[in-house]
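Subject: Handover of a structure for your review

Dear colleague,

Please find below the structure that I am handing over to you. My notes on what was found in it follow directly after.

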Amino acid sequence: MAFRAHKQRQHPQTRCITTILALSTLLTVSYIGLPSHIEGKSILRTSELPKSRPTQGGRGAWGSRSGGRGEWGSGRSPGRRDENFRVSDYERKPRYGERAGDRKRNGEGKRRGTFRRPEEGKERRMERRVVKGGGVSLEEARREGKRCYYATTCSGLEEALEMELKSGNIKGEHVSRGPSGCFFTGDTFTGYRALVWLRTSNRLMELLAETPADRIRGPSSLLSFCYDSYNWTTLFPKNKQDEYPSLRVDCHLGPGAVEISGLDNSHFTALTLKNAICDYIRDRSDGEERPDVSLDDPDVPLFLHADREKIRVYRVLNAQTMHKRGYRTASVGSEDVPFHSAPLRESLAAGLLINTGFSLEGYSGEEAEVWVDPMCGSGTLCIEAALLACNTAPALIKLEKLKSSESFSKSRTPLQALFSCARWGDDGAEEGLSDILDDARRKDRRQGSRVPLILFLGSDIDGKAINIASNSAKAAGVQRLCKFEKVACEDLDLSPHIIQETMNRGSAFPISCPDSLNFLSNPPWDMRIKGASEAWRSLGDTLKRNSHNFPNGGKAWLLSGNPEITRELRMKAARRMPVQAGGVDLRWLQYEIFGAKPNGIADSGSDVDADAMKPAEESTGIDSD
């Protein structure tokens, strides 16, 4: 009995110890599948894992499938970084205008070093996937007798480009956004209208062939695809001199091209397409002739784009880059025009203005509007806004410049010098382009009595920049709508009587002063032009001081490439539009500026001194010649 009682007293302790040991063993074995890092080093190494633990096939430690991507017991070696773990997602600094907590709220990770689940990564890859034009493939478009096009633009301006393609000037079909551009379909004349009217695009291309990226495994399979994908003899017919058209091939390798297709060099990828075309034509001409390569002025420029989804081959319709309008010239008449040190790209300026709310059919308001650029520089924003208000096609300015200069070969017509598609010998190409240009001239409102009731005033402290802006406006034919004057930003006076006097000068009928002011500007960022802090501080005071003179205040749209410098404005942005140009993250910022209150104090939505709200006692007004 005594022994039995002693055994009963010791049994609970023994069972407790056994349970603790079992739980410790279970936790130790389960802990093997969890990636733990202390000071960048893994606790367990691959060599220390149990030999019976499976490490292949994506199975867990106990033979159960768990996805194999960052899950517990996934079979992944803890000493090796998971392929779906991206340090940049969690360790990067906040981007422009992004607060530190935005990534957590957006679901990018609860803490630094969090592993993504497989379904999250799949959703993000789907978001970045290139979408075909309106869901219409190349084969479907060809069955309908249509052609597939792709227009490129700056990242962030896809919405503005989509609006252009859907407008009545172009009438594109199945328009959808892609990476830094838009797909659309249409007939041959749809592409011609896009060439004449597009403002935000840099390049317009027609899709010739495409294939899934996973079908290409290196240069040899790419050569076979390029050889068999198109009847290249129809694209390179002999001319009257019994010569083949010249060609040039450019290439861009997007994200995933190296991993999926094994294409890691853009130069040799472009060379592969060129070799395939030359071999195709040589095999059908007894191996004696082939097209020549022209890097400067090719007859048929081609473009190959590869990413994780598709490999596409295009031919480029424009011979000259579309962002150059032609009004930035070396001379206007007998005057020499210098170039600004940091000019804004014309296509970028047009896209920002379209996102601001400028109509693509021209300004047709019955009440006058005034837009002011206190730091105009070379005047690109004012000139592009005036061209939008006048509904002027960009190709008209280029064509006028080409006809008045000798910058192109005399063997080509002005249309052939401007558009590559006019050189291909398609039936009715030049006639169709001429008809579209004639229609654009009828819609142009730069001259005559159809000039819109809108005025763009630009000022800058640099006299050379004002000279550039004035001559560029003259070359663009919008000198009646754009007035530039050398005035410092802090001395700018935009009183209602000065605005009304400026608008009525040269007008055949009296024009009433508007009730509000609108500002647009591209101030310095401390990149190519220094002194950004002082410039933004004086700009903020100028906006508030001059808006106080108008009952409805005004709006300001400012472009910034420096997130820290906008604090000098001492105003809160009502809207932020991200744009990327030249590898720089930009923001197109909108500010609401309220007018005068009944007590005479303006409200700008920010904390500023009362002295900053008062009009300047001595200032210089904008005048015109």
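Arg-177 has Cys-182 of strand β5 as its bridge partner. Please bear in mind throughout that this is a predicted model. The two strands β4 and β5 (residues 181-186) run antiparallel and are joined by 4 bridges.

This pairing belongs to an open sheet of 7 strands, whose order is β4-β5-β3-β6-β9-β8-β7 and whose pairing is mixed. The edges are taken by β4 (173-178) and β7 (247-253); each has a single partner strand, so one side of each is left without a neighbour in the sheet. From one strand to the next, the twist averages 30 degrees. Helix α11 (residues 266-283) packs on this sheet, where it touches β7, β8 (300-306) and β9 (310-316). The direction of α11 makes about 140 degrees with that of β7.

**Aromatic pairs**

The whole structure contains 9 aromatic pairs. One of them is formed by Tyr-149 and Phe-184; the pair is stacked, with 5.2 Å from centre to centre and 20 degrees between the planes. Tyr-149 belongs to strand β3 (residues 147-152) and Phe-184 to strand β5, so the pair ties together parts that are 35 residues apart in sequence.

Tyr-227 is partly exposed, its relative accessible area being 22%, whereas Tyr-280 counts as buried at 9%. The cut-off that separates these two cases is 20% relative accessible area, under which a residue is called buried.

**Strand β17 and its partners**

Strand β17 (residues 554-560) is mostly covered, with 6 of its 7 residues buried. With which strands does β17 pair, and in what sense? Strand β16 (residues 517-521) pairs with β17 in the parallel sense, over 5 bridges. Within that pairing, Phe-519 is found opposite Ala-556 of β17. Strand β19 (residues 584-593) runs antiparallel to β17, and 7 bridges join the two. Here Gly-554 is placed opposite Ile-593 of β19.

**Two helix-helix contacts**

Helix α14 (residues 394-403) packs against helix α16 (residues 429-443) at an angle of about 110 degrees, and their axes are 10 Å apart. Angles from 65 to 115 degrees count as roughly perpendicular, and that is the relation of α14 to α16. On the side of α14, the contact is made by Ala-395, Leu-396, Leu-399 and Lys-403; on the side of α16, it is made by Leu-437, Ala-440 and Arg-441. By class, the contact of α14 with α16 has 5 nonpolar and 2 charged residues, and no polar ones.

Helix α6 (residues 158-166) and helix α12 (residues 346-356) have axes that come within 9 Å and cross at roughly 80 degrees. This angle makes α6 roughly perpendicular to α12. The residues in contact are Glu-159, Ala-160, Met-163 and Glu-164 of α6, together with Gly-351, Ile-354 and Asn-355 of α12. They divide into 3 nonpolar, 2 polar and 2 charged residues.

**The chain as a whole**

The secondary structure of the protein chain comprises 20 helices and 20 strands. The chain has 625 residues, of which 49% count as buried. Among the contacts in the chain with a separation of 6 or more, 73% are accounted for by residues 24 or more positions apart.

With kind regards

Notes. Residues are numbered from 1 along each chain as its sequence is written. This is a predicted model: local features need pLDDT of at least 70, side-chain atom pairs count only at pLDDT 80 or more; totals for chains, interfaces and linings use all residues. Side-chain values use heavy atoms; hydrogens and water are left out. Axes are lines fitted to C-alpha atoms, for helices over the stretch in contact, and angles run from 0 to 180 degrees between N-to-C directions. Angles under 35 degrees count as roughly parallel, over 145 as roughly antiparallel, 65 to 115 as roughly perpendicular and the rest as oblique. Contact means heavy atoms within 4.5 Å. Ala, Val, Leu, Ile, Met, Phe, Trp, Tyr, Cys and Pro count as nonpolar, Asp, Glu, Lys and Arg as charged, and the others, Gly among them, as polar. Two strands pair if DSSP finds at least two bridges between them. Rings of Phe, Tyr and Trp (its six-membered ring) pair if their centres lie within 6.5 Å; planes under 30 degrees apart count as stacked, over 60 as edge-to-face and the rest as tilted. Buried means under 20% relative accessible area, exposed over 50%, partly exposed in between (1.4 Å probe, protein chains only).
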